[in-house]
Amino acid sequence: MGASSSSSPPTPPGPTQQASPVPSTPSSPAGARPSAAFRPSIVPGAPPPSTDIGMAKEEAPSPAEDTGPGTFEDLHRKCKDIFPVPFEGAKLVINKGLSNHFQICHNLTMSALQPSGYKFGCTYVGTKQFAPTEAYPILMAEGDFGGSLNATAVHHFTRSIRCRAVGQFQNHKCVVTQLTSDYKGQDFVASVTFGNPDILNGSGVIVGQYLQNVTQRLALGSEILYQCGPTVPGNHIAVYTLAGRYTGNNYQLSTSLTPMAGGLHVCYYQKANESLQIGVELEGSLRTQECTTTVGYQLELPKANLTFRGQLDSNWCIGAVMEKKLPPLPFTFALSAFANHTKGAYRFGVGLIVG
């Protein structure tokens, strides 16, 4: 499920996407963020419904300028979005829109490193609009014949309040439950997330996040995570994180610091021109005595209908994903490669996305 087509409508979450709040990457040092297992995930906005169908829809209000800083979870997103997500083996993804509100997805994967097989997914986009590019509610689900199911529901109850529920089932058992609520003010966003709450056993995770615009370019915020349960040392633990982001005309610098865990995460994003974007990410942890730096780039060639993403990290791991659109057909051809020169591991993938 590594690469995704940028030409298709919102696709249902895969096992390593929306159902898992934070997917792991080869460059992430283990233990850098003990809260990563339950940090909330972000579901991208869906396109608005069209006006040429018989379903009644609510008119989108006049769009107002968004002066908010975005969610805490989006702090490093601009840099991370240009990094490739390599995949291994072969995959075939067929997206078919049954209406302007309902879409289905067929996903066939063949891999030696992850479970192969067929997955079916569906996405429903509602009629309530708060912006021209978004419509709610959004309901997404994907499952296979082995009893695995990933489901996500997102809804904007008002212009300021958004709620999200995520569930993951494996072997017919619920393994992940996540409930998130975001409140968006004029210059701040506050979020609270409950992960795997279990009242009977007295276990679960609560994450509170706050991000505030101090100036038009500078945003500061914090995050606090509280986890309790019989498997937690001392039955409970709390970890806080401080963060900041500075945005320039064509660059962005963001950083987050977790003093108790000794974790540091710094990202720098630069838009060199209309075709080239560059990102640098540094993740380190005093607890694990590890530090990884990753340099990535995204090159877009509109005339060739080509998008190329590549990365190189300090562990001598190289990854790249190429996506080539094949107009006038609604096809996207994808090639992926990943090499770990230290361990002598090499992975290659090829994919076709239809729709």
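This is a predicted model: local features need pLDDT of at least 70, side-chain atom pairs count only at pLDDT 80 or more; totals for chains, interfaces and linings use all residues.

Colleague: How much of the protein chain is buried?

Modeller: Buried residues make up 39% of its 355 residues. The accessible surface of the chain comes to about 18200 Å², and 62% of that belongs to carbon and sulfur atoms.

Colleague: Let's take single residues, then. Why is Gln209 called buried?

Modeller: Its relative accessible area is 4%, and buried means under 20%, so Gln209 gets that label. You'll find Gln209 in strand 9, residues 203-213.

Colleague: Which side chains does Gln209 make polar contacts with?

Modeller: One is Glu73, at 3.3 Å from side chain to side chain. Another is Glu223, where the side chains are joined by a polar contact of 2.6 Å. The distance cut-off is 3.5 Å, and both 3.3 Å for Glu73 and 2.6 Å for Glu223 fall within it.

Colleague: On to charges. How many salt bridges are there?

Modeller: A search of the whole structure finds five.

Colleague: What makes Asp74 and Arg77 a salt bridge?

Modeller: Their closest N and O atoms are 2.5 Å apart. A salt bridge needs a side-chain nitrogen of Lys or Arg within 4 Å of a carboxyl oxygen of Asp or Glu, so Asp74 and Arg77 qualify.

Colleague: And why do Asp74 and Arg77 count as partly exposed?

Modeller: Asp74 has 22% relative accessibility and Arg77 has 31%. Partly exposed is the range between buried, under 20%, and exposed, over 50%, so both residues land there.

Colleague: Are Asp182 and Arg162 buried or exposed?

Modeller: Buried. Asp182 has 6% relative accessibility and Arg162 has 13%, so each meets the rule of under 20%. Arg162 and Asp182 are also linked with Arg164 in a network of salt bridges.

Colleague: How do you know that Lys271 and Glu274 form a salt bridge?

Modeller: Their N to O distance is 3.7 Å, which is within the 4 Å limit. Lys271 is partly exposed at 31% relative accessibility, while Glu274 is exposed, because its 68% is over 50%.

Colleague: Which residues make the nonpolar surface patch?

Modeller: Tyr246, Leu253, Tyr268, Ile278, Val280, Val295 and Tyr297, covering about 530 Å². Strand 14 (276-285) and strand 15 (290-301) each supply at least two residues of the patch.

Colleague: Now the backbone. Which peptide bonds are cis?

Modeller: One joins Tyr136 and Pro137, with omega at about 0°. Pro137 lies in strand 4, residues 134-144. Another runs from Pro327 to Pro328, with omega near 5°. Pro328 sits in the loop between strand 17 (317-325) and strand 18 (331-340).

Colleague: What is phi for Asn171 and Trp316?

Modeller: Asn171 has phi near 55°, a positive value in a residue other than glycine. Phi of Trp316 is near 60°, also positive in a residue that isn't glycine. Asn171 is in the loop between strand 6 and strand 7, and Trp316 is in the loop between strand 16 (306-313) and strand 17.

Colleague: Why are Asn171 and Trp316 called exposed?

Modeller: Exposed means over 50%. Asn171 has 58% relative accessibility and Trp316 has a relative accessible area of 56%, so both count as exposed.

Methods:
Residues are numbered from 1 along each chain as its sequence is written. Side-chain values use heavy atoms; hydrogens and water are left out. Patches are made of residues with over 30% relative accessible area and no salt bridge: like charges are joined within 9 Å, nonpolar side chains (Val, Leu, Ile, Met, Phe, Trp, Tyr) within 5 Å. Accessible areas come from the Shrake-Rupley method with a 1.4 Å probe; for residues, only the protein chains shown count as cover. Helices (H or I, at least four residues) and strands (E, at least two) are DSSP runs, numbered from the N terminus. Buried means under 20% relative accessible area, exposed over 50%, partly exposed in between (1.4 Å probe, protein chains only). A polar contact is a pair of N or O atoms within 3.5 Å; within protein, one must be able to donate a hydrogen and the other to accept it, and residues adjacent in sequence count only if both atoms are side-chain atoms.
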